[in-house]
Amino acid sequence: MSQTEVIDQATLDDSITAWALAARGGDPDAVEQFVRALHRDVLRYVAHLCADPQAVDDLAQDTFLRALGSLHRFEGRSSARSWLLSIARRAVIDRYRYAAARPRLSDVPDWQLAIELAQPQDLPGFDDGIALLDLLAGLPDERREAFILTQLLGLPYAEAAEVSDCPVGTVRSRVARARATLMDLLAEAEEPLPRAEHAALVAA
């Protein structure tokens, strides 16, 4: 993320936090702005955390219902984005707990389908047919979450640590390891096929 993008993200976060505070005061336009600004981020985040793509929309709705019901307690000490993503994380955890208490009827679909629908298109550095999701799927869960929070959703490391309930240093370490793994995967994907394998593909 460039310096300009960091500044733009910080400015947007300030605006979102201001909308949340205005919404707390009963401004209906601020409520609409707040929800619209963070709806896509919430979808992407719960899709990453949730194993059931069909549940993503319900979880996002649950997240906003919880947030709007708790706005009177939001004081703006952290950004509204990180506050909302923390609520989203709790909504997913609660759903897991509820599901664990019920008999499982069948295997749930992979989380990748839902996050693929919510992810941005044309991400620089992931072109030439290399899907970002395929690469992210190769990461351990905790590193994938840290990478998505900081590199895709744009949270500062301190706020990502707050959302993930772990130290800032742990988030930095996870992101660094995720980047290293992704670079290795990219390098592997860009290596030319061995001659015999290439010939077999051409023949096919």
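Predicted model: local features only at pLDDT ≥ 70, side-chain atom pairs only at ≥ 80, totals over all residues.
A residue counts as buried when its relative accessible area is under 20%. Glu145 takes part both in a salt bridge with Arg89 and in the contact between helix 7 and helix 8.

**Salt bridges**

- The structure holds 10 salt bridges.
- In the bridge between Arg89 and Glu145, the closest N and O atoms are 3.0 Å apart. This pair ties together distant parts of the chain, with Arg89 in helix 4 and Glu145 in helix 7, 56 residues apart.
- Shared partners join Asp13, Asp41, Arg44 and Arg81 into one salt-bridge network.
- Arg77 counts as exposed because its relative accessibility is 77%, and the cut-off for exposed is over 50%.

**Helix 7 and helix 8**

- Helix 7 (residues 141-152) packs against helix 8 (residues 157-164) at about 140 degrees, with the axes 10 Å apart. The two helices are therefore oblique to each other, and the crossing is right-handed.
- On the helix 7 side, Glu145, Leu149, Thr150 and Gln151 meet Tyr157, Ala160, Val163 and Ser164 of helix 8. By class, that contact has 4 nonpolar, 3 polar and 1 charged residues.
- Buried residues in helix 8 are Glu159, Ala160, Ala161, Val163 and Ser164. Just after this helix, Asp165 adopts a positive phi of about 60 degrees.

**Helix 2 and helix 3**

- The axes of helix 2 (residues 28-49) and helix 3 come within 9 Å and cross at roughly 135 degrees. That angle makes helix 2 oblique to helix 3, and here too the crossing is right-handed.
- Residues making the contact include Val31, Phe34, Leu38 and Val42 of helix 2, and Val56, Leu59, Phe64 and Leu68 of helix 3. By class, the contact has 13 nonpolar, 2 polar and 1 charged residues.

**A loop residue: Ser78**

- Ser78 sits in the loop between helix 3 (56-70) and helix 4 (80-100).
- Its relative accessibility is 19%, so Ser78 counts as buried.
- Apart from neighbours within four places in sequence, Ser78 is in contact with Thr17, Trp83 and Glu162.

Methods: Residues numbered from 1 in each chain as written. Heavy atoms only, no water. Helix = DSSP H or I, 4+ residues; strand = E, 2+ residues; numbered from the N terminus. Buried < 20%, exposed > 50% of the residue type's maximum accessible area, 1.4 Å probe, protein only. Contact = heavy atoms within 4.5 Å. Axes fitted to C-alpha atoms, helices over the stretch in contact; angles between N-to-C directions. Parallel < 35°, antiparallel > 145°, perpendicular 65-115°, else oblique. Left-handed = near helix turned anticlockwise from the far one by under 90°. Nonpolar A, V, L, I, M, F, W, Y, C, P; charged D, E, K, R; others polar. Salt bridge = Lys/Arg side-chain N within 4 Å of Asp/Glu carboxyl O.
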